[in-house]
Amino acid sequence: MLKHRGFPGRLPGTDFQFVIRRENRKKGATPITRRERFRDRKPADRRADAGFLAALIEHFGDEPFVRGNLDAGRLGWLIGREVKPVGPFDPADYDQLLQVDMAAAEASFPELFAPDSPPDFGWDEDNWDEGEDDDPAGGR
């Protein structure tokens, strides 16, 4: 499983996870399941979607990227809309190629593309690796 170095581990100040620490070798990758975004979702949930998408755009732009250690649950809120599979889609593959659809992203989250006041998600580039576990034994 590819670890995306420099990608934020979570939305600061919340428990909304963006990456996983290690792969599940027994059961394999958690499948990415498309989740419906209803109008009555909590503002914190919508902010987590926007923060995750902003991190994807900052880190990868519109270039294809490997799913790797990106959280399947968080991807599920964007898959098939702002994030599209590249090639045949295997939802349980750590090596699945994905790509941000910039037109769909701008239509759904115009605040991310506002030139005068983009949202501040509370992270800076120096702390994006926060929470990453470089020790495969989990610090034991």
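Helix α1 lies across β1, β2 and β3, running at about 100° to β3. This arrangement is taken from a predicted model. The protein chain has 3 helices and 3 strands. Along the sequence, these elements follow the pattern α-β-α-β-β-α. Of the 140 residues in the protein chain, 37% are buried. Contacts between residues at least 6 apart in sequence were also examined; 73% of them join residues at least 24 apart.

The 3 strands form an open sheet. Their order is β1-β3-β2, and the pairing is antiparallel. Strands β1 (65-66) and β2 (83-85) are the edge strands, each pairing on one side only. Strand β3 covers residues 97-100. Its pairing with β2 is antiparallel and runs over 3 bridges. Within the sheet, Lys84 stands opposite Gln99 in β3.

Lys84 also takes part in a salt bridge. Its partner is Asp101, with the closest N and O atoms 3.4 Å apart. This pair links distant parts of the chain. Lys84 belongs to strand β2, whereas Asp101 lies in the loop between β3 and α3 (102-108). The two residues are 17 residues apart. Lys84 has a relative accessible area of 32%, so this residue is partly exposed. Asp101 is at 24% relative accessibility and therefore counts as partly exposed.

Aromatic residues were considered next. A pair of aromatic rings is described by the distance of the centres and the angle of the planes. The count comes to 4 aromatic pairs. Phe7 and Phe52 form one of them, an edge-to-face pair. The ring centres are 6.0 Å apart, with 75° between the planes. The pair links distant parts of the chain, joining Phe7 in the segment before α1 to Phe52 in helix α1. The separation is 45 residues. Phe7 is buried because its relative accessible area is 1%. Phe52 is at 0% relative accessibility, so Phe52 counts as buried.

Phe7 also pairs with Phe60. The ring centres are 6.1 Å apart and the planes lie at 25°, so this pair is stacked. It too spans distant parts of the chain, with Phe7 in the segment before α1 and Phe60 in helix α1. Here the two residues are 53 residues apart. Phe60 counts as buried because its relative accessibility is 15%, and buried means under 20%. Phe7, Phe52 and Phe60 are among the members of one aromatic cluster.

Arg41 lies in the segment before α1 (43-60). At 10% relative accessibility, this arginine counts as buried, because the cut-off is under 20%. Residues up to four places away in sequence aside, Arg41 touches Arg46, Asp49 and Trp77. The contact with Trp77 has a defined geometry. Arg41 lies over the face of Trp77, at 3.9 Å from the ring centre.

A search of the whole structure finds 6 salt bridges. Among them is the pair formed by the side chains of Arg25 and Glu23, at 4.0 Å from N to O. Arg25 is at 73% relative accessibility and so counts as exposed. Glu23 is at 30% and so counts as partly exposed. Another salt bridge joins Arg34 to Glu36, with the closest N and O atoms 3.5 Å apart. Arg34 counts as partly exposed because its relative accessibility is 43%. Glu36, at 44%, likewise counts as partly exposed. The link between Lys84 in strand β2 and Asp101 in the loop between β3 and α3 spans 17 residues. Salt bridges that share partners also join Arg41, Asp49 and Arg74 into one network.

Methods: Residues are numbered from 1 along each chain as its sequence is written. This is a predicted model: local features need pLDDT of at least 70, side-chain atom pairs count only at pLDDT 80 or more; totals for chains, interfaces and linings use all residues. Side-chain values use heavy atoms; hydrogens and water are left out. Helices (H or I, at least four residues) and strands (E, at least two) are DSSP runs, numbered from the N terminus. Buried means under 20% relative accessible area, exposed over 50%, partly exposed in between (1.4 Å probe, protein chains only). Contact means heavy atoms within 4.5 Å. Rings of Phe, Tyr and Trp (its six-membered ring) pair if their centres lie within 6.5 Å; planes under 30 degrees apart count as stacked, over 60 as edge-to-face and the rest as tilted. A charge sits over a ring if NZ of Lys or CZ of Arg is within 6 Å of the ring centre and within 35 degrees of the ring normal. Two strands pair if DSSP finds at least two bridges between them. Axes are lines fitted to C-alpha atoms, for helices over the stretch in contact, and angles run from 0 to 180 degrees between N-to-C directions.
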